Amino acid sequence: METLLIVDDDVSLLETLTMHFEEIEQDDGQPRYQVVTATSAAAGLKAAQENMPSVVILDMMLPDRTGLEIIEEMKGLCGDARIILVTAYHDMETTIRAMKAGAFDYIHKPFPDPAALDLVVERALEYRQLSRRADEVHRENAVVRLGDIVGTSPSMQQLVKEIGKVAGSTATVLINGESGTGKELIARVIHNYSYDEPRPFIGINCSAIVDTLLESELFGHEKGAFTGAVGAKPGKFELAEDGTVFLDEIGDMSLMLQAKLLRVLQEREFERVGGVKRVKLRARVIAATHRHLADEVDQGRFREDLYQRLKVITLVIPPLRERREDIPPLVKHLLERINEKVHKRVTRVPHEVMERLTRLPWRGNVRELENVLTRAVVLAPGDVLRGDDLPALEAHPSGPLDPHRAPGAAGGMFAAPAVDDASLIPTLEEAERQLIARAMAVTKGHKGRTCQILGISRPTLERKLQKFGLAQGQGPQVHPYPVKDAS
């Protein structure tokens, strides 16, 4: 429901317009407008502050002040509300002054029919929505530069060289890397170095939205396309215009949507949900995933034809544990950002603390490092980062990893027994099923905590539970380490 403020000293006109607009209904039968009225400039400004209207119909001649005099003040109180000035006088000079002052439109009364205002008000609301979407695009299009990619290791230097080559083309890019390695950062750098002028960067996490909503988010929808679609809405591909669409965690996209995305990439056009008009895709597509899509193709969970379309150019971000020489400069870079965010000045890192930071396993990569540093900065009493303020994380072993040791295990629930018989080693699918079952058992079926433990999204967990038949209370008995039946 939109709030409509009408400011006019003609009480009978106020009553007529109030009755007219309050009778207008949305498609679901609910009122389209909540009407607020005022008979003076002072009362109108107070009503604007209290009700934050979407549209203001403002009379030019009021008892205490003119509409032209209060339009700036009204705009300051209403934010992005559209103001329609009305007057009984046909004065071209006043019309020009009103439009220069920021009025959305300037119309004359008496109105032959209150319905004459409908089109103007609807147009004002439409422009307000367009303006808001443009603001969202501007906020998303944050400037990211190569300086935000910190690392002097050979693998990172090679990655930067590849980014430089990619930025000179509009080819589709696939970014592969573990969670927390900075895939979106790389995508933004590619975007910002690909164009000379600012263009939209529109990102969407494919694993965070259920399929039915994801299709609408990507392609947009027409009014009435489904229950709750009270108006037309452009999707991410449309909002990106001639900029970049970033599809994060594309490996979690359903096969149904994969087929639709493939068609879009092939034909470079699409249709809104519930629409028939073809819309051209002008944006570049950058996709990212933490999964090995080649393996997903082999398992039948990802379309091979879409994989071939996406991997025109593939960039691989190395995990933090494989570039430990980058941790000290990363710590310095992150501390500067964290200090600014939490208003602290923790700038000194003792040698033993830095040594400890470089030896931690960092399974969550740069994101985990940032979270650990943020906690330590907040707890630090002075300007020194203390070892006591670091969480008790398992240190990375100084020697080579034990090949009979599950990643991250320290003799815990997933420590693998030393076996020589390959038939006793479970498949990845079996191991994944057992891991999810154990996590569900540990959390007593709490799906939110299970997602946190496993580092996956809720939709992904739901799909895994269905796939493995792990409805709550139906999971299999879980052993410390899943093995095949050796009999």
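**First stop: helices α6 and α7.** Select residues 154-166 for α6 and residues 183-192 for α7. Look along the line joining the two helices: α6 passes α7 in a right-handed crossing. The model is a predicted one. Where do the two helices touch? Show side chains for Leu159, Ile163 and Val166 of α6, and for Ile186, Val189 and Ile190 of α7; these residues make the contact. Six of the contact residues are nonpolar, with no polar and no charged ones among them. As for the geometry, the axes of α6 and α7 come within 9 Å and cross at roughly 40°. The pair is therefore classed as oblique, since the roughly parallel class takes angles under 35 degrees.

**Whole chain.** Now zoom out and colour by secondary structure. The protein chain holds 18 helices and 14 strands. Colour next by accessibility: of its 487 residues, 44% are buried.

**Helices α13 and α14.** Select residues 327-342 (α13) together with residues 351-359 (α14). Their axes lie 10 Å apart, and the helices pack at an angle of about 110°. That angle makes α13 roughly perpendicular to α14. The crossing of α13 over α14 is right-handed. Display Ile327, Pro328 and Val331 in α13, which meet Met354, Leu357 and Thr358 in α14. By class, this contact of α13 with α14 comprises five nonpolar residues, one polar residue and no charged residues.

**Helices α16 and α18.** Move to residues 428-442 for α16 and residues 458-468 for α18. Here the axes come within 11 Å and cross at roughly 115°, which makes α16 roughly perpendicular to α18. What is the hand of the crossing in which α16 passes α18? It is left-handed. On the α16 side, show Glu429, Glu432, Arg433, Ile436 and Met440; on the α18 side, show Leu461, Lys464, Leu465, Lys467 and Phe468. Colour these contact residues by class to find five nonpolar, no polar and five charged.

Technical notes. Residues numbered from 1 in each chain as written. Predicted model: local features only at pLDDT ≥ 70, side-chain atom pairs only at ≥ 80, totals over all residues. Heavy atoms only, no water. Axes fitted to C-alpha atoms, helices over the stretch in contact; angles between N-to-C directions. Helix = DSSP H or I, 4+ residues; strand = E, 2+ residues; numbered from the N terminus. Parallel < 35°, antiparallel > 145°, perpendicular 65-115°, else oblique. Left-handed = near helix turned anticlockwise from the far one by under 90°. Contact = heavy atoms within 4.5 Å. Nonpolar A, V, L, I, M, F, W, Y, C, P; charged D, E, K, R; others polar. Buried < 20%, exposed > 50% of the residue type's maximum accessible area, 1.4 Å probe, protein only.
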